[in-house]
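Thanks for coming. I will go through one structure today, a few places at a time, and leave time for discussion at the end.

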Amino acid sequence: MLNLAFYDLMYNSLLTFSGTKSLEDEIYAELRGRIKEDDISAPVRRGPYYYYRRTLEGKEYVQHCRCLVSNDGAPASVHDVMQTGPDASPEHVMLDENIKAQDHNYYRIGAFRVSPNNKLVAYAEDTKGDEIYTIFVIDAETRTPVGKPLVGVTSDIEWAGNDALAYSTMDEILRPDKVWLHKLEADQSSDTCLYHEKDDMFSLVLEASESKKYLFVASESKITRFVFYIDITEPGKGLTVLTPRLDGIDTSVSHRGNHFFIQRRSEEFFNSELLACQLDNTSATTVLLPHRESVKIQDIRLFSDHLVAYERENGLPRVTIYRLPAVGEPLESLQDGLTVDFIDPVYSVDPSESQFSSSVLRFSYSSMRSPPSVYDYDMNTGISVVKKIETVLGGFDSSNYVTERKWATAADGTQIPISVAYRKDLVKLDGSDPLLLYGYGSYEACIDPSFKASRLSLLDRGFVYAITHIRGGGEMGRQWYENGKLHKKKNTFTDFIACAEYLIEKKYCSKEKLCIHGRSAGGLLIGAVLNMRPDLFTAAVAGVPFVDVLTTMLDPTIPLTTSEWEEWGDPRKDEYYFYMKSYSPVDNIAARKYPAILVTAGLYDPRVMYSEPAKFVAKLRDMKTDGNVLLFKCELGAGHFSKSGRFEKLQEDAFNYAFILKALNM
């Protein structure tokens, strides 16, 4: 139950921020005005159907739709187009989230899985934001329920044939610890537990092979991952070990023909190597792609005749395509891969759903000046076709914007990449421009420079926007991550400060015009650098920030703590306690001047409990010596990822931008 002190924090924040509602409304109108409200996603072909999501004017949520393929039976081609107009197949709405969300303040579909025979749909629903889901199975045509819902589960679900589901549940600290097999229309209490992971530093992940012939159950910590498999045609046989549990060895697996493909990382092969083994002899492996110190294998996607490697080199993603020998022929080292070319100097590219039996690769692409686009790429001919470009209304012209890659020098001489974007007809680059600097730098996450339409409200006001790719992230490979965790965590913070100083030195901004932003572990970053260099920034936005590091990591009874010891350290040991205390934001607040600060939280957040940012704000108010604004904003109907509706999310951006503009007297 929330106490009076909590509401006092919120009330005082609202009083402090009064008078900016008209600016917030103006920005929100801009953000919403750029959206094509009635739209559809790029259709995905699965068997005899095209599947897609539709948005409707004025509606917060999507409809999940499908229609019949007019040329069913023809092989997939990059030139395939879903027919529209009077001759098109009729559209069928399988699920309308707007109807489902009517009785809830928060609504999110965490997974939407169509059965292999296209007759049923299983979807996972969260109505609070606490990431505890309920699974429903419905008839895809009639929308009638099939059996009773599965309650208290994760969003990790996969079909095991057409009449069974695999799913996972969590323990009391919200750690996915059990995987179950559920026969449709059976009671949940009679489900079979396939695996129970009792080590509280490990969590379970459920995946389906691209071939749809196997399910994989992976048990993973931050440094170790091992995998079991189950044959979908014989789920009753249970799990078989594929890669053994070896400390420090991380494996991911897929399947094609008579081989399993294993992406394997170790301390020696830190950027991963790719191996293959036969189904009936998993201990004998062949190296397909060797480990390379300068190239990290991020992910692989398998097709009947091709293998696609998503890799990273020099801070940028790349996509390399290899032709595979016919099924049954020996697999040897992969050579002469074809690399896909991209147009921007810095960009983001991610895999999209593709069909295993086709030669068509689908991926999504964007940059800080190029709206998200979906491409189909013919892996035989090299022809690519744009299937969808996100519409940006309001007169947007990408040629007005510049995106660049810059490099700052850290205190130890390491070169830190920065992605920069600005509007070339507004920015003077003489030190007078405002700049918003974003950072994350944890969990080996790659914060690639992608497009966000709402960001235009800053760029079109003359802002420079920059993303720091600091250590602790994965942009520059596995070692980049290793050098920003545990006893090297402070590199994350000093890298961010070095990037800020570089941008000031090169006259992208001045201290008086520099604002910073980060969420979650990125909120820890913001809290840490505010304590280390409060003089360097004019405004800061810390979203759902992990700021009470010691208190949280000392308590193994709350979510995420035990699994995070390999990321931050276990403060029950002196060597970690004192190091973590030296940067934990709550523990380093002092009687000094701080810039203007906005801190946000979510009441149902299971990842960063709202008490952490509330405690941070309360201590700042008690100790800081300046008169700058300090706001605390807690969403009372949401969790870690804020509100769930697409327009509601714009309200958060509008609020954050209004705060920044007010702090800069703009």
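**A walk through the model**

I start in a loop: Val392 sits between β28 (384-389) and β29 (401-409). Keep in mind throughout that this is a predicted model. Is Val392 buried or exposed? With a relative accessible area of 13%, Val392 is buried, because the cut-off for buried is under 20%. Leaving out residues up to four places away in sequence, Val392 touches Arg34, Pro371, Phe451 and Leu456. Between Val392 and Ser432 there are 40 residues in sequence, and the C-alpha to C-alpha distance is 29 Å.

Ser432 comes up again with Ser510. The loop between α6 and β33 holds Ser510, which is buried at a relative accessible area of 17%. How far apart are the C-alpha atoms of Ser510 and Ser432? They are separated by 6.5 Å, although the two residues are 78 residues apart along the chain. Setting aside neighbours within four places in sequence, Ser510 is in contact with Gly431, Asp433 and Ile504.

Next, the helices on either side of another loop. Helix α6 covers residues 490-505 and helix α7 covers residues 521-532; they pack at an angle of about 70°, and their axes are 10 Å apart. That angle makes α6 roughly perpendicular to α7, and their crossing is right-handed. On the α6 side the contact is made by Thr492, Phe493, Thr494, Phe496 and Ile497, which meet Leu524, Leu525, Ile526, Ala528, Val529 and Met532 of α7. By class, the residues of this contact are nine nonpolar, two polar and no charged.

Ser520 has a phi near 60°, which is a positive value in a residue other than glycine. Its relative accessible area is 14%, so Ser520 is buried.

Now to the packing of nonpolar side chains. In soluble globular proteins, such side chains tend to be buried together. The largest nonpolar core here has 61 residues, and those touching the most other members are Leu435, Leu437, Phe496, Leu503, Ile516 and Phe537. Which residues does Ile516 touch, not counting those up to four places away in sequence? They are Leu436, Leu437, Phe496, Ile526, Val529, Leu530, Phe537, Ala539, Ala540 and Val541. Apart from this core lies another one, of 35 residues, including Leu31, Leu459, Cys515 and Leu650.

Helix α2 (residues 21-33) packs against helix α12 (residues 646-663) at an angle of about 130°, with 8 Å between their axes. That makes α2 oblique to α12. The crossing of these two helices is right-handed. From α2, the residues in contact are Leu23, Glu24, Ile27, Tyr28, Leu31 and Arg32, and they meet Phe647, Leu650, Gln651, Asp653, Ala654, Phe655, Tyr657, Ala658 and Leu661 in α12. The residues of this contact divide into eleven nonpolar, one polar and three charged.

In the segment after α12 we find Asn665. Its phi is near 55°, again a positive value in a residue other than glycine. Is Asn665 buried or exposed? Asn665 is exposed, because its relative accessible area is 74% and the cut-off for exposed is over 50%.

One more helix: α9, residues 561-568. How many of its residues are buried? Eight of eight, so α9 is mostly covered. The buried residues are Thr561, Thr562, Ser563, Glu564, Trp565, Glu566, Glu567 and Trp568. Their cover includes α5 (478-482), α7, α8 (549-553) and α10 (574-581). After α9 comes Gly569, with a positive phi near 110°.

Glu97 is buried, with a relative accessible area of 8%. Beyond residues up to four places away in sequence, Glu97 touches Tyr61, Val62, His64, Tyr107 and Ile109. Glu97 and Cys499 are 402 residues apart in sequence, and their C-alpha atoms are 42 Å apart in space.

That is what I have. Questions are welcome.

Key:
Residues numbered from 1 in each chain as written. Predicted model: local features only at pLDDT ≥ 70, side-chain atom pairs only at ≥ 80, totals over all residues. Heavy atoms only, no water. Axes fitted to C-alpha atoms, helices over the stretch in contact; angles between N-to-C directions. Helix = DSSP H or I, 4+ residues; strand = E, 2+ residues; numbered from the N terminus. Parallel < 35°, antiparallel > 145°, perpendicular 65-115°, else oblique. Left-handed = near helix turned anticlockwise from the far one by under 90°. Contact = heavy atoms within 4.5 Å. Nonpolar A, V, L, I, M, F, W, Y, C, P; charged D, E, K, R; others polar. Core = buried A, V, L, I, M, F, W, Y, C linked by side-chain atoms within 4.5 Å. Buried < 20%, exposed > 50% of the residue type's maximum accessible area, 1.4 Å probe, protein only.
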